[in-house]
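Please study the sequence and the three-dimensional structure shown below.

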Amino acid sequence: MHGFSYKNGSLFCEDVDLSTLAAEHGTPLYVYSAGTIIDHYSRLDAAMNGVDHEVAYAVKANSNLSVLRLLATHGAGFDIVSGGELFRVIKAGGDPAHCTFAGVGKTRDEIVYALEQGIYSFNVESEEELRYLNEVAGELGMIAPAAVRVNPNVDAHTHKYISTGKSENKFGVDFTAIADLYDRASRDLPNIKLRGLQMHIGSQLTTIAPFIEAVEKVIPLVTSLKEKHGIEFWSIGGGIGIIYKHSLESGSINWWERQPTEERPLTIERYGKELVPRLKDLGLKILLEPGRYIVGNAGVLLTKCLYEKKGSAKTFKIVDAGMNDLIRPALYEGHHEIVPLLEPASGERAKVDVVGPICESGDFFCQDRELPNFNPGDHVALMSAGAYGFVMASNYNSRPLPAEILVEGATATVVRKRQTLDDLIEGEL
Ligand SMILES: *Cc1c(COP(=O)(O)O)cnc(C)c1O
């Protein structure tokens, strides 16, 4: 589900009118639906019923403290990729004992911090890193819990920048090298406790097949690691895709509610139905690391149209949000539906480019797309912007970061203030 729909001609987030929020707080403005976040979390949790499991939310998708706090209070663990994310989780009331630490380039400072906080597992991406972790833990007189990330060499059929499970990707250790690595580690690395095995084959997967292929391929390996080394968990990663594209055929009123077109929805129920029977008898705790699935469709970026520029070849709608606020279209051709906050009176459409103010040709939100008409002064929502949105925002072109709002029912709370011009130069000489 998602918490965005038209009510009486105005786009709402739960019971809050987005036009009111835009008027009160200005734009660009991120707005998140708490109900949607919790719905997604709970449905995944329920879909995995029947197998001992834990949902470790991938913090990098959206690391706002209030989002983390919301998930922590509902029992989520966290998958982190930096010391900074661990700091955020702790500040938000999350439990380090339910944190796993991923990433190919952990620094000494990050390792020390995570050891001292007592995280559940370091998810290690190379033998070199495992040896270094052993060394640092030894210096501190500690034992580091660890899992190695296996690269199962499975094609996730997703955009090449978010595919991670093929041999040519920088992530993980080759499938064929894992067994020997665990043998060597248990022999030579006294400060490592081999606690599990991890994998994550890519992001925005919209079919079940790659998940099944990876799980089936790794089951014999994880079974023998359990027998030989007593590992207790297997993290099968995140990557569950969401629907970004919705059909916009004319005439209908609430077109955001309509059926998805190009992307086949991989429902979470299907995900659970296919995976639970394959995982339930392994005697392992199954970790899941969803990011996008939890928050992607729970957020929008509101922006105001500043100008309409009619070129000889194209019509440009210039809006006050730019690629510095939401980089997905520029970075990996991400698609976001663009929806007027005031429901269009007619089904009329025009082919336009919606672009930001940044001095880059890649600064666009859509090109040659048929959209309902909107004019300078009107607001639109860039839908499905809850994951990899604000977290990737930058100050490029010296633009202050947008504010973030969390909606719960009829209550809207500013969970991050808009940056001021003074914030922009904070710490500079
Ligand atoms: C990014 C990442 C995730 C989350 O990916 P989503 O596609 O957002 O679910 C999970 N695990 C690891 C190791 C990651 O790097």
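Two residues are in contact when heavy atoms lie within 4.5 Å. The structure is a predicted model, in which local features need pLDDT of at least 70 and side-chain atom pairs count only at pLDDT 80 or more, while totals for chains, interfaces and linings use all residues. Residues are numbered from 1 along each chain as its sequence is written, and side-chain values use heavy atoms, with hydrogens and water left out.

**Exercise 1. The two domains**

Task: State how the protein chain is divided and describe how domain 1 and domain 2 touch.

Solution. 

Step 1. Domain 1 consists of 4-12 + 22-28 + 297-425, and domain 2 of 34-294; these bounds come from an automatic or database domain assignment. The centres of the two domains, taken over C-alpha atoms, are 30 Å apart.

Step 2. On the side of domain 1, 34 residues are in contact with 31 residues of domain 2.

Step 3. Buried area is the accessible area (1.4 Å probe) that two parts lose on being put together, summed over both. Between domain 1 and domain 2 this area is about 2,800 Å², and carbon and sulfur atoms give 56% of it. Asn297, Glu337 and Tyr388 lose the most area in domain 1, together 22% of what that side buries.

**Exercise 2. Contacts between the domains**

Task: Determine how many salt bridges and how many residue pairs in polar contact are counted between domain 1 and domain 2.

Solution. 

Step 1. A salt bridge is a side-chain nitrogen of Lys or Arg within 4 Å of a carboxyl oxygen of Asp or Glu. The count between the domains is zero.

Step 2. A polar contact is a pair of N or O atoms within 3.5 Å; within protein, one must be able to donate a hydrogen and the other to accept it, and residues adjacent in sequence count only if both atoms are side-chain atoms. Six residue pairs, both at pLDDT 80 or more, are in polar contact between domain 1 and domain 2.

Step 3. Helices (H or I, at least four residues) and strands (E, at least two) are DSSP runs, numbered from the N terminus. Among the elements that give two or more residues to the side of domain 1 touching domain 2 are β1 (4-7), α11 (328-332) and β20 (403-408). The largest share, four residues, comes from β20.

**Exercise 3. A salt bridge within the structure**

Solution. 

Step 1. Side chains of opposite charge can pair when their charged atoms come close.

Step 2. In the whole structure, 21 salt bridges are found. One of them joins Glu125 and Arg149, whose closest N and O atoms are 3.0 Å apart.

**Exercise 4. Around the ligand**

Task: Identify which residues come nearest to the ligand.

Solution. 

Step 1. Of the 15 residues around the ligand, Lys60, Ser203, Glu289, Arg292 and Tyr388 come nearest.

Step 2. An N or O atom in the side chain of Ser203 is 2.3 Å from an oxygen atom of the ligand. For the side chain of Tyr388, the distance from an N or O atom to a ligand oxygen atom is 2.6 Å. Arg292 places a backbone N or O atom 2.8 Å from an oxygen atom of the ligand.

Conventions:
Near = heavy atom within 4 Å.
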